[in-house]
Amino acid sequence: MNGAAPLTGAAIAVGTDLPPYSIAAVDPESMKLWAAFLRDPNPIHLDPRAVQAKGLGDKVINQGPANLAYIITMLQRALPGSILVSLEVRYAASVFGGDAVEAGGKITEVAREASGLRIGCEVWLRANDRDPAITGQAVLGLP
Amino acid sequence: MTAAELPPAPSVAGTSLAGAAPYVITAEENRTLCASLGSVAAADGTAHPIYFFIATQVGMGRSVAGLCALCDFDVEEGPMIASSTVTFNRTLMTGQPYWVTGEIKSLVRKRSRSLGVMDVLEYALRLSLPDGGMVLETVNVWVLPRRSLA
C-alpha cells in the first residue's frame, strides 16, 4: 500500500520487504508526457492502432524508463533521505495503458560505512499480477 | 541460415555518442515528471533520479531512431530496451547544465528462439558537470530484431 510507513531504524534489515508503491491504472495521457520528456515519438506509446498494427496488443505500451521510475519512486518512499548509488535492471515485459502496477523489493544487504548505511535491495515491478516487467538490484546510501 | 552464415552486424563499436550541447533538467519538467509518477518534486532542487536515463538519452543528441539508424536499423522494426545500469557519483539537480559523452560498446548479431535473428546493442553514456566532474555513468542494452534475416 502506498500509505505504508517508510522503513527506519531497526526495520532496515536484511530480509525486510520494502513498502510497495502502486499505481491503480497507468494513464495513457502520462505516456504522452513521457514521450516529450524522452523526445521519443514512437507511436506504440501514443496510439493503440500502432500497437495493433505491430501485433503487440490493443493498448498503448508504457515507456520502459517510466516503468523504472515507478521503482525508483518506491525506493525514495521506502527509505526517505536515502541516495541512489547504483541500479541494475532488466526490462522483461511490457506494461500497457490501464494496467495496475506495483513496485516493490526486499533488502538484501545492510552495511555500516563511515558515511552511513549502504543498503542493497532486490527490486521489481509487476503489472496486473503478471510476471515482473522489471527486475533488478539497487544500492542506496543513507547518511 | 545458421548463426555462422549470418551477415555480420554493422561495425559501429567505438562510435561516439557525445552531445553537442548541455542538457538542463528544468524545475518545471521535473515537477511534471514527478506528478506523472504520483509523487511531488523535492523542494531543494534535487531532480528525480530517473533523469539519469532521460538526460543521457536526450543529451547525447541522437534520438532512438537516430541511434538505430547508426546501426543500420529502422526504428519502425521495433527496438526493445533490454537492460540499464547506472552508477551515480552525485545527485542530479534541476537548473544544472550537464554534458553527455559516451560511445557504442558493441553490436552483436545473435539468433534467439523467441525473436529470431537480432542485434544486441550496448552503449555507455556519462553525464558530467561543465568542470568535468563525473556525475554518473549508465550502460543501456537494446535488442534490435532483424526480422528480414530470420
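Okay, first a definition: helices are DSSP runs of H or I with at least four residues, strands are DSSP runs of E with at least two, and both are numbered from the N terminus. With that in hand, just after helix H1(A), A:Arg39 takes a positive phi of about 50 degrees.

Some housekeeping. This is a predicted model, where local features need pLDDT of at least 70 and side-chain atom pairs count only at pLDDT 80 or more, while totals for chains, interfaces and linings use all residues. Residues are numbered from 1 along each chain as its sequence is written, and chains are lettered from A and ligands numbered from 1 in the order in which they are written.

Back to H1 of chain A, residues 28–38. Buried there (20 or more other C-beta atoms within 10 Å of a residue's own, C-betas being placed from the backbone) are A:Ser30, A:Met31, A:Trp34, A:Phe37 and A:Leu38. Look down the helix axis and these buried residues fall within an arc of 110 degrees, going by the directions from axis to C-beta atoms, so they line one face of the helix. And what covers them? The cover includes H3 (64–78) of chain A, plus H1 (27–36) and H2 (51–59) of chain B.

Now the interface. Counting contacts as C-beta atoms, placed from the backbone, within 7 Å, 25 residues of chain A touch 26 of chain B. On chain A's side, H1, H3 and strand E2 (83–91) each supply at least two residues, with E2(A) giving the largest share, nine.

E2(A) also pairs with E2 of chain B, residues 80–88, antiparallel over five bridges; pairing takes at least two DSSP bridges. There, A:Glu88 stands opposite B:Thr85.

Technical notes: A residue is buried if 20 or more other C-beta atoms lie within 10 Å of its own, exposed if 12 or fewer, and partly exposed in between; C-beta atoms are placed from the backbone. Two residues are in contact if their C-beta atoms, placed from the backbone, lie within 7 Å.
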